[in-house]
Amino acid sequence: MVKIAPSILSADFCDLDREIRRVSTADWLHVDVMDGMFVPNITIGVPVVASIRKHTDMFLDVHLMVEKPGRYVEAFAKAGADLLSVHLEADLPPAIHDALRAMEDNGVKKAIALRPITSAEAVLPYLEQGLDMVLVMTVEPGFGGQKFMTDQLSKIRAIRDYIDRYCPGCDLEVDGGVNLETARLVTEAGANVLVAGSAVYGAADPAAMIAALRG
Ligand code: DX5
Ligand code: ZN
């Protein structure tokens, strides 16, 4: 069963309560945290995640696009994140391993994220450590509403193969440019969690779009 995770990056931040209720039929809520260093954009941080937690029981899938993300694992866990994704490009490998251990210690699900430039093989040392999810970016991280990069499909297939071999049960999430057409491509390639920002929030009927993307 494919899970849909609408990204609130495409929501109206002035009325997040209403915006979250508009997508309440989705499986997860995707929260994009950007620091203006790892990516050329600044979005939201720990206090906003804590406020969102008070307004919804939805599973909070928090995507950390920040330098040295290990510094913030405990704070986001305490704020109510259910899962944290850290980018492999955001720190040295030992620090990424430490960040994943910190997630375990703080009772949140642990995931790694890959920029388009990063190869499928990069996930192997982390899959061996045990992961709850791998996030494959299909746009350059930083902004919603970009065009899907079809050259990432072979990477999704390769990572699906690694997951089945070394870490069965680990989710494979795709983020960036997901719409009705690309959703079919990525699920065929082996993704089982789809982030969708502009496709869901730009739809006249977000619930119908969520159902269509799931199908
Ligand atoms: C981009 C973010 C994405 C973004 C996706 O850096 O990580 O989650 O919100 O937006 P769409 O679905 O519009 O590409
Ligand atoms: Zn994201």
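**Glycine 177**

I started with glycine 177, which sits in the loop between strand 7 (171-175) and helix 7; helices (H or I, at least four residues) and strands (E, at least two) are DSSP runs, numbered from the N terminus. This is a predicted model, where local features need pLDDT of at least 70, side-chain atom pairs count only at pLDDT 80 or more, and totals for chains, interfaces and linings use all residues. Residues are numbered from 1 along each chain as its sequence is written, chains are lettered from A and ligands numbered from 1 in the order in which they are written, and side-chain values use heavy atoms, with hydrogens and water left out.

The cut-offs are under 20% relative accessible area for buried and over 50% for exposed, with partly exposed in between (1.4 Å probe, protein chains only).

I then listed what glycine 177 touches, leaving aside neighbours within four places in sequence: Val139, Gln146, Phe148 and Thr182. Contact here means heavy atoms within 4.5 Å. I also checked glycine 177 against valine 123: they are 54 residues apart in sequence and 22 Å apart in space, C-alpha to C-alpha.

**Zinc site**

Which residues hold the zinc ion (ligand 2)? I found His30 (NE2), Asp32 (OD), His63 (ND1) and Asp175 (OD), at 2.1 to 2.3 Å. Donors are N, O and S atoms within 2.8 Å of the metal (3.2 Å for Na, K and Ca), and water is not among the atoms, so sites may look incomplete.

Along the sequence the donor residues are spaced H-x1-D-x30-H-x111-D. Aspartate 32 lies in strand 2 and histidine 63 in strand 3, so this pair ties together parts that are 31 residues apart in sequence. Both came up as buried when I looked: aspartate 32 at 6% relative accessibility and histidine 63 at 0%.

**Salt bridges**

How many salt bridges does the structure hold? I got 15, taking a salt bridge as a side-chain nitrogen of Lys or Arg within 4 Å of a carboxyl oxygen of Asp or Glu.

I looked at aspartate 82 with arginine 53, whose side chains meet at 3.0 Å, N to O. Aspartate 82 is in the loop between helix 3 (73-79) and strand 4 (83-87) and arginine 53 is in helix 2 (residues 46-55), so the bridge ties together parts 29 residues apart in sequence. Aspartate 82 is partly exposed at 24%, and arginine 53 is partly exposed at 22%.

Next was aspartate 91 with lysine 68, at 3.6 Å, N to O. Aspartate 91 lies in the loop between strand 4 and helix 4 (93-105) and lysine 68 in the loop between strand 3 (59-65) and helix 3, so the pair ties together parts 23 residues apart in sequence. Lysine 68 is partly exposed at 44%. I flagged its phi too: near 45°, a positive value in a residue other than glycine.

Arginine 184 and glutamate 188 also form a salt bridge, at 3.5 Å, N to O. They are 4 residues apart in helix 7 (residues 180-189), about one helical turn. Arginine 184 is partly exposed at 48%, whereas glutamate 188 counts as exposed at 58%.

**Rings**

I counted 2 aromatic pairs. Rings of Phe, Tyr and Trp (its six-membered ring) pair if their centres lie within 6.5 Å; planes under 30 degrees apart count as stacked, over 60 as edge-to-face and the rest as tilted. Tryptophan 28 and phenylalanine 59 are stacked, 4.4 Å centre to centre with 25° between the planes. Tryptophan 28 is in strand 2 (residues 28-34) and phenylalanine 59 in strand 3, 31 residues apart. Tryptophan 28 is buried at 7%.

**Isoleucine 4**

My last stop was isoleucine 4, in strand 1 (residues 3-6) and buried at 0% relative accessibility. Not counting residues up to four places away in sequence, isoleucine 4 touches Trp28 and Leu194, among others.
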